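Please keep the sequence and the structure in view while reading.

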Amino acid sequence: MARKPAGKATKTPSKPTRKTPVAAAPTMRQRIEAEMLDGFDEELELEIDDDRLDALTNEFAGHSPADTVDRRIYFKELFRLQGELVKLQSWVQHQGLKLVVIFEGRDSAGKGGVIKRITQRLNPRICRVAALPAPSERERTQWYFQRYVSHLPAAGEMVLFDRSWYNRAGVERVMGFCSEAEVEEFFRSVPEFERMLVRSGIVLIKYWFSITDDEQQLRFMMRINDPLKQWKLSPMDVQSRARWENYTKAKEEMLERTHIAEAPWHVVQAVDKKKARLNCIAHLLEQIPYKEVPSKRVVLPRRIHHPDYHRTPVPAEMYVPERY
């Protein structure tokens, strides 16, 4: 056999390799949109928690979920209303208004859920929540309204009272923490107290959240069986179940004797939590004739770089472990 002439070994041509495409870095607009969606997730987290509680209630009660507002409509309206609340906040600050909103109702009536949705997108320096604990020994010797007065707003502020001076007409009266003479003095004083607030320029809005006997029973059982919500069930709340009728009588007299033209009561049907939130926020927005405050477009200044600046490295042990 003839030998092939000696020479350099020939290499088998290799197949061209494909380069893995490098993902393009997200644009500034995409990053902004992602951050906005992350903000909306805050509401989704609250809603997921509600769904978990509803499922627990349904399992305990042995019934199917009640019909409520469609989820898509609920979120669409909630985000729209929260956008209007931001406009209201700007108007309150711009006009120097003083807004007080009182949230009253039975235990587990849904006051806290509405307050969370109102404050979720607002500036806590402008809109704050006043949820006072039981009065101290010193506060018990003060003029009854004194400890509430210190929480009233200055110009350009909104204060949401998660329970208020109406404790005297409700829990304090029913649980025997005050005398009937003190209750009667409260009923004589509170209309004049509120008229004085209104004359001083405060916008005072009062809401009573109404639920049925059966609905409160279900919500209490839900809290008893949910380890994440048991802290909400105080000994006072437990006692309120046994005294449902006493609370009803106290509520009826309170609404009758403190429903004044300067500061009327507004009753929110709160058995359906989603509807109650939307209805209350929509009604609140209707109480104040606000307008959108024109504002200049914000322009970020150019970042100033100093050649002699060198960032000091952070020691590794100072970092929080990245477990997720």
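## Terms and overall picture

A residue is called buried when its relative accessible area is under 20%, exposed when that area is over 50%, and partly exposed in between. The model discussed here is predicted.

The protein contains 11 helices and 5 strands. Of its 324 residues, 37% are buried. Its exposed surface comes to about 22,000 Å², and carbon and sulfur atoms supply 56% of that area.

## The loop between β3 and α6

Arg163 is located in the loop between β3 (157-162) and α6 (171-174). Its relative accessible area is 24%, and Arg163 is therefore partly exposed, since this class lies between the limits of 20% and 50%. The backbone of Arg163 has a phi near 75 degrees, which is a positive value in a residue other than glycine.

Ser164 also belongs to the loop between β3 and α6. With a relative accessible area of 0%, Ser164 is buried. When residues up to four places away in sequence are not counted, Ser164 touches Ile102, Glu104 and Tyr148.

## The loop between β1 and α3

Ser108 is found in the loop that runs between β1 (98-105) and α3 (111-119). Although Ser108 is not a glycine, its phi is positive, at about 70 degrees. Ser108 counts as buried because its relative accessibility is 8%, where the class requires a value under 20%.

Gly110 lies in the loop between β1 and α3 as well. The relative accessibility of Gly110 is 25%, so Gly110 counts as partly exposed. Leaving aside residues up to four places away in sequence, Gly110 touches Phe209 and Arg219. Gly110 and Arg219 are separated by 109 residues in sequence, and their C-alpha atoms are 9.9 Å apart in space.

## Packing of α3 against α11

Two packed helices are described by the angle between their axes and the distance between the axes. For α3 and helix α11 (residues 273-286), the angle is about 55 degrees and the axes are 10 Å apart. The two helices α3 and α11 are therefore oblique to each other. Their crossing is right-handed.

On the α3 side, the contact is made by Gly113, Val114, Arg117 and Ile118, and on the α11 side by Ala276, Arg277, Cys280, Ile281 and Leu284. The residues in this contact of α3 with α11 divide into 6 nonpolar, 1 polar and 2 charged.

## Packing of α7 against α10

How are α7 and α10 placed relative to each other, in angle and in distance between axes? Helix α7 (residues 180-199) packs against helix α10 (residues 244-258) at an angle of about 40 degrees, with the axes 10 Å apart. The pair α7 and α10 is therefore oblique, and the crossing of α7 and α10 is right-handed.

In α7, the residues Glu184, Phe187, Val190, Pro191 and Glu194 meet Glu253, Met254, Arg257 and Thr258 of α10. The contact of α7 with α10 comprises 4 nonpolar, 1 polar and 4 charged residues.

Key: Residues numbered from 1 in each chain as written. Predicted model: local features only at pLDDT ≥ 70, side-chain atom pairs only at ≥ 80, totals over all residues. Heavy atoms only, no water. Helix = DSSP H or I, 4+ residues; strand = E, 2+ residues; numbered from the N terminus. Buried < 20%, exposed > 50% of the residue type's maximum accessible area, 1.4 Å probe, protein only. Areas by Shrake-Rupley, 256 points an atom, 1.4 Å probe, with all protein chains shown as cover. Axes fitted to C-alpha atoms, helices over the stretch in contact; angles between N-to-C directions. Parallel < 35°, antiparallel > 145°, perpendicular 65-115°, else oblique. Left-handed = near helix turned anticlockwise from the far one by under 90°. Contact = heavy atoms within 4.5 Å. Nonpolar A, V, L, I, M, F, W, Y, C, P; charged D, E, K, R; others polar.
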